[in-house]
Amino acid sequence: MKERNQIEAQLHPSHYHVLHKLPPGDSPYVRAKHVQLVDKDPEGAIVLFWKAINAGDRVDSALKDMAVVMKQQDRAEEAIEAIKSFRDRCSKQAQESLDNVLIDLYKKCGRIEEQIQLLKQKLRMIYQGEAFNGKPTKTARSHGKKFQVTVKQETSRILGNLGWAYMQQENYLAAEVVYRKAQIIDPDANKACNLCQCLIKQAHYIEARSVLKEVIQGKLPGSGDPKSRNRVKELLQELESEQLISIASTAIGLNSEDTFLAEGLDQLMSQWTSYRSRRLPIFEEISSFRDQLAC
């Protein structure tokens with residue numbers, strides 16, 4: 001480590017910034033990124049990001065980066081309030097990116113209704129031609145790599161997130177509708193598995209099996225991923241289990257209400273049995289006393 005630091009100290013400043021993926025120059029924002037990426041001090045970086053925002057130094061990037069670091073430090077609620085309070089200092093071009101960060105923060109905090117409303121707002125922007133600042137594609141970044149995202153892909157991604165949010169509310173019908181639309185636009189294995197889950201929850205087992213079959217046969221992007229294969233196994237087990245329960249209920253002529261009543265009666269009878277067993281010795285004592293009086 002010491003030798004590496006000595007080598008880095010000899011680098012030209014421009015080479016040093018490239019090595020650590022730092023923006024050029026020396027300013028509050030650059031110092032915050034240095035503390036975040038080089039010193040690996042997230043709390044220190046948050047303090048410096050605040051200074052950059054207050055100084056008006058690259059506010060778009062400073063606010064977004066600070067919110068991301070706060071999320072990593074389990075300070076998501078603070079990050080939400082920071083974005084809401086200071087996004088008016090950011091450019092119009094930065095608003096869409098800040099919305100994406102907010103959606104992730106709402107998800108982490110379990111603020112599902114706010115997440116849903118923001119996702120719907122983003123969909124309205126797409127329908128009105130306002131997404132990507134009116135451009136057909138945008139440059140996104142993942143794991144340090146840049147790539148192009150089309151409006152079509154973004155629409156499917158947002159619909160997928162909206163479907164997940166509805167699932168957290170156990171609104172499986174709404175989630176099903178949204179996932180079906182997402183699959184028409186840009187299908188993949190992950191959304192297919194989520195659609196299958198929604199159908200299982202609604203007891204639409206034949207449709208669920210049909211959706212899962214496409215993943216098993218490798219017809220959808222991502223079908224061969226280990227995560228997708230494991231998910232398929234879990235869903236197949238759940239599907240088999242739910243179908244067996246459904247068949248058993250049908251065989252004895254019970255609907256969901258009948259099942260509930262039957263389980264309730266079982267609990268009530270159990271209580272009665274316990275109640276009688278506790279009272280029985282008293283009844284025996286009274287009977288014995290009555291026999292003595294009769295004599």
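Start your tour with the rings: the structure holds 2 aromatic pairs. Rings of Phe, Tyr and Trp (its six-membered ring) pair if their centres lie within 6.5 Å, and planes under 30 degrees apart count as stacked, over 60 as edge-to-face and the rest as tilted. What you have open is a predicted model, in which local features need pLDDT of at least 70, side-chain atom pairs count only at pLDDT 80 or more, and totals for chains, interfaces and linings use all residues. Residues are numbered from 1 along each chain as its sequence is written, and side-chain values use heavy atoms, with hydrogens and water left out.

**Stop 1: the ring pairs**

Select Tyr 29 and Phe 49. Their rings make a tilted aromatic pair, with 6.0 Å from centre to centre and 45° between the planes. This pair links distant parts of the chain, since Tyr 29 is in helix H3 (residues 28–37) and Phe 49 is in helix H4 (residues 42–55), 20 residues apart. Helices (H or I, at least four residues) and strands (E, at least two) are DSSP runs, numbered from the N terminus.

Now select Trp 50 and Phe 86. They form an edge-to-face pair, 5.3 Å centre to centre with 70° between the planes. Again the pair links distant parts of the chain: Trp 50 is in helix H4 and Phe 86 in helix H6 (residues 76–86), 36 residues apart. Trp 50 has 26% relative accessibility, so Trp 50 counts as partly exposed, while Phe 86, at 16%, counts as buried.

**Stop 2: the end of H4**

Stay in helix H4 and pick Asn 54. Asn 54 is exposed because its relative accessible area is 53%. Leaving aside residues up to four places away in sequence, Asn 54 touches Phe 86 and Arg 89; contact means heavy atoms within 4.5 Å.

**Stop 3: the nonpolar core**

Which residues have the most contacts inside the largest nonpolar core? Select Phe 49, Leu 63, Met 66, Ile 83 and Leu 105; the core has 69 residues. A nonpolar core is a set of buried Ala, Val, Leu, Ile, Met, Phe, Trp, Tyr and Cys residues joined through side-chain atoms within 4.5 Å. Helix H11 (residues 189–201) gives the most to this core, with 8 residues. Click on Ile 83 to see its neighbours: not counting residues up to four places away in sequence, Ile 83 touches Leu 63, Ala 67, Leu 98, Val 101, Leu 102 and Leu 105.

**Stop 4: a charge and a ring**

Select Lys 107 and Trp 164. The charged end of Lys 107 sits over the ring of Trp 164, 4.5 Å from the ring's centre. A charge sits over a ring if NZ of Lys or CZ of Arg is within 6 Å of the ring centre and within 35 degrees of the ring normal.

**Stop 5**

Move to Gln 197 in helix H11. Gln 197 is buried because its relative accessible area is 13%. A polar contact of 3.0 Å joins its side chain to that of Glu 238. A polar contact is a pair of N or O atoms within 3.5 Å; within protein, one must be able to donate a hydrogen and the other to accept it, and residues adjacent in sequence count only if both atoms are side-chain atoms. Apart from residues up to four places away in sequence, Gln 197 touches Met 167, Arg 231, Leu 235 and Glu 238.

**Stop 6: two loop residues**

Find Lys 40 in the loop between H3 and H4. Lys 40 has a positive phi of about 55° although it is not a glycine. At 61% relative accessibility, Lys 40 counts as exposed. Then go to Ala 203, in the loop between H11 and helix H12 (205–216). Ala 203 has a positive phi of about 65°, although it is not a glycine.

**Last view: the whole protein**

Zoom out. The protein has 14 helices and 2 strands, and of its 295 residues, 35% count as buried.

Technical notes: Buried < 20%, exposed > 50% of the residue type's maximum accessible area, 1.4 Å probe, protein only.
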